[in-house]
Amino acid sequence: MKKIIFTLLAGTALLASCSQDKGYVIYGTVSNPDLEGAQVFLVPLENATKETIDSVYIHNQMFEFRGTEEKIADIRIERYKRYGNENLLVVTEPGETFVTIGQVSSSRGTPQNDSLQVWKNLTMQYNQQVSSLRRQDRNEEAAALRESYIDRTRRMASNVGKGSTLGVFLNSRFPDKD
C-alpha cells in the first residue's frame, strides 16, 4: 500500500512540475560544420550584462538554450568564428523555437518567433528594394516605400499586440506619432 501511495504522489508531483514548466527551449542548428565546438551566445537586447548573457557550445552542429524569462534576444556565434554567419533575433517566449544559424539565419515554432521571421523577411526585401531605388536615384519612390514599410511594421506590432514582447520591439522601431 505504501508503494502505491508513493507512486501516486510521485506521479502527481511529476505532472504538477510539468504543467508549471512554462519556459522556452531554443533548439539550434548551424549550417557550417567548421563551427563545431564554437560558443553561441543568447544576448538580451536590453540590459545585457555578464549575468544575463547565456552561452552554450555547438556539438554535432547543434545547440540548445533553456530558460523562463521572456525577452527579445540576439543569438550570435563567438566573435572569431562569426564571419559568414548572420546573428538572429528571437523571442524567448514559452514553447519550442527552432533556429538555424548560417549565412541567412531563421527561426520558427512559436507565435512571436514566426511573426518575427515574417518581419525579418519583409525587412530584408525592403532593404534590397530601397537600396536599388536609391542607386537609380529614384528617391521619391524610395521614400514612399519607406513609409509603406513603417506602416507595415506598425500594423504588425498592433496585430501581435503592442504589449507583447515582439509588439514592444516592433513599435520601438517606429513609434506612433500620436
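The model is predicted, with local features taken at pLDDT of at least 70, side-chain atom pairs at pLDDT 80 or more, and totals for chains, interfaces and linings over all residues. Residues are numbered from 1 along each chain as its sequence is written, and side-chain values use heavy atoms, without hydrogens and water.

Colleague: In what order do the four strands of the open sheet stand?

Modeller: Strands here are DSSP E runs of at least two residues, and helices are H or I runs of at least four, numbered from the N terminus. Two strands pair if DSSP finds at least two bridges between them. The pairing in this open sheet is antiparallel, and the order is E3-E2-E5-E6.

Colleague: Why is one side of E3 and of E6 left without a neighbour in the sheet?

Modeller: The twist of this sheet averages 25 degrees from one strand to the next. Strand E3 (54-57) and strand E6 (88-91) each have a single partner strand, so one side of each lacks a neighbour because they stand at the edges.

Colleague: Which residue of E6 stands opposite Ile75?

Modeller: Strand E5 (residues 72-77) runs antiparallel to E6, and four bridges join them. The residue of E6 opposite Ile75 is Leu88.

Colleague: How many bridges join E1 to E7?

Modeller: Strand E1 (residues 24-30) has five of its seven residues buried, where buried means under 20% relative accessible area, exposed over 50% and partly exposed in between, for a 1.4 Å probe and protein chains only. E1 pairs with strand E4 (residues 62-67) in the antiparallel sense over six bridges, and Tyr24 stands opposite Gly67 in E4. With strand E7 (residues 95-101) E1 runs parallel, and Gly28 stands opposite Val99 in E7. The number of bridges joining E1 to E7 is seven.

Colleague: How far apart are the axes of H2 and H3?

Modeller: Two packed helices are described by the angle between their axes and the distance between the axes. Axes are lines fitted to C-alpha atoms, for helices over the stretch in contact, and angles run from 0 to 180 degrees between N-to-C directions. Helix H2 (residues 111-135) and helix H3 (residues 139-160) pack at about 170 degrees, and their axes are 9 Å apart.

Colleague: Is H2 roughly parallel or roughly antiparallel to H3?

Modeller: Angles under 35 degrees count as roughly parallel, over 145 as roughly antiparallel, 65 to 115 as roughly perpendicular and the rest as oblique. The angle between H2 and H3 is about 170 degrees. H2 is therefore roughly antiparallel to H3.

Colleague: Which residues does Thr153 contact, leaving aside its neighbours within four places in sequence?

Modeller: Thr153 is found in helix H3. At 1% relative accessibility, Thr153 counts as buried. With contact meaning heavy atoms within 4.5 Å, and those neighbours left aside, Thr153 touches Trp119, Leu170 and Phe174.
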